[in-house]
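Subject: Structure handover

Hello,

Here is the structure for you to open. Please look it over, then read the notes below.

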Amino acid sequence: MNQKERMVSGLPYKAWLDGLSEERLACKEKIYEFNLLPPKEHAKAQKLLKELLGKTGENLLIEAPFHCDYGWNIEVGENFYANYNLTILDVGKVTFGDNVMLAPNVSIYTAGHPLHPEPRNFGYEYGIPITIGNNVWIGGNTIILPGVTIGNNVVIGAGSVVSKDIPDNMIAVGNPCKILREITEEDRKYYFKRQEFDAESWEDMNPNR
C-alpha cells in the first residue's frame, strides 16, 4: 500500500509521502479562495464547496472561514449548515446526514498520533472515521474526536468534548460529553428551555393540525 491507501484504510501512515502533501496544498488553495470570497458571492461559494467536498446535497451553507485537510474525504447530506470557524481534519472519512447544523467553532478531528513518543516521532499518524446522523445540532466550541458516531436527532451542548458514541434522540453535554437525557415529544412545544412557541409559529409548523 502507498501512504494514501494506508490513510484511507485507517492504518498508520506518513502524511508527507505519496502525494499527500500536494493534495493538502491543493485543498488549501481552494479553501483560501472560498474564505476570501465577498459575502454576496453565494453562488460561487456553493460551487467551490461542491467541488471541494466529496459529496453534498443541493442545499448547503458553510460560513467562512472554514478549514479542512483534503475535502474529498467529507460527505454532507441535504440542508447542511455550519457557522463560522468550522475545522475538519478529514484524514479519516467524515460523514454527515441530512439537516445537520453546526454552531461556531466546531472542530472535528479524525486525525491522531500514537501515544508512545517513539512511533510518534517516527512520523506516523492515523485517521479514524467520524459519522454524524440526521437532524443533529452541535453546539458552539464542541470538539469531536476520532472514531465517534453521533446518532440521529441528537443535540450536543456547547463546549462539549465528544470522545464516545452518542445514540439517537439524546441531549449530551460536557467534557467528557455525557448523555443528559432523551429528547421526547414533550420537547416539541418549546423553543428555549420552558418557553413555548407562540400561536403564529406553531401554526406555521403545523398548518394541518
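The notes below go from the overall picture to the strands, a loop and the surface.

This is a predicted model, in which local features need pLDDT of at least 70, side-chain atom pairs count only at pLDDT 80 or more, and totals for chains, interfaces and linings use all residues. Residues are numbered from 1 along each chain as its sequence is written, and side-chain values use heavy atoms, with hydrogens and water left out.

**Overall**

The protein has 5 helices and 21 strands. These are DSSP runs numbered from the N terminus: helices are H or I with at least four residues, strands are E with at least two. The C-alpha atoms fill a box of roughly 60 × 40 × 25 Å along the principal axes. Of the 209 residues, 36% are buried. Buried means under 20% relative accessible area, exposed means over 50%, and partly exposed lies in between (1.4 Å probe, protein chains only).

**The open sheet**

An open sheet is formed by 4 strands with parallel pairing, in the order β4-β7-β12-β15. β4 (74-75) and β15 (149-150) are the edges; each has a single partner strand, so one side of each has no neighbour in the sheet. Two strands count as paired if DSSP finds at least two bridges between them. β4 pairs with β7 (residues 94-96) in the parallel sense over 2 bridges. Here Glu75 stands opposite Thr95 in β7.

**Strand β11**

β11 covers residues 124-127, and its side chains alternate. β11 has an antiparallel pairing with β1 (residues 13-14) over 2 bridges. Lys14 stands opposite Tyr124. β11 also pairs with β10 (residues 111-112), again antiparallel and over 2 bridges. Gly112 stands opposite Tyr126.

**A buried loop residue**

Val106 sits in the loop between β8 (101-102) and β9 (107-109). Its relative accessible area is 0%, so Val106 counts as buried.

**A negative patch**

Asp198, Glu200, Glu203 and Asp204 form a patch of negative charge on the surface. For a charged patch, residues need over 30% relative accessible area and no salt bridge, and like charges are joined within 9 Å. A salt bridge is a side-chain nitrogen of Lys or Arg within 4 Å of a carboxyl oxygen of Asp or Glu. Glu203 belongs to helix α5 (residues 199-205). Glu203 is partly exposed because its relative accessibility is 43%.

Best wishes

Note on methods. Patch = residues over 30% accessible without salt bridge, like charges linked within 9 Å, V, L, I, M, F, W, Y side chains within 5 Å. Areas by Shrake-Rupley, 256 points an atom, 1.4 Å probe, with all protein chains shown as cover. Lys, Arg positive; Asp, Glu negative; His and termini not counted. Charge placed at Lys NZ, Arg CZ, Asp CG, Glu CD.
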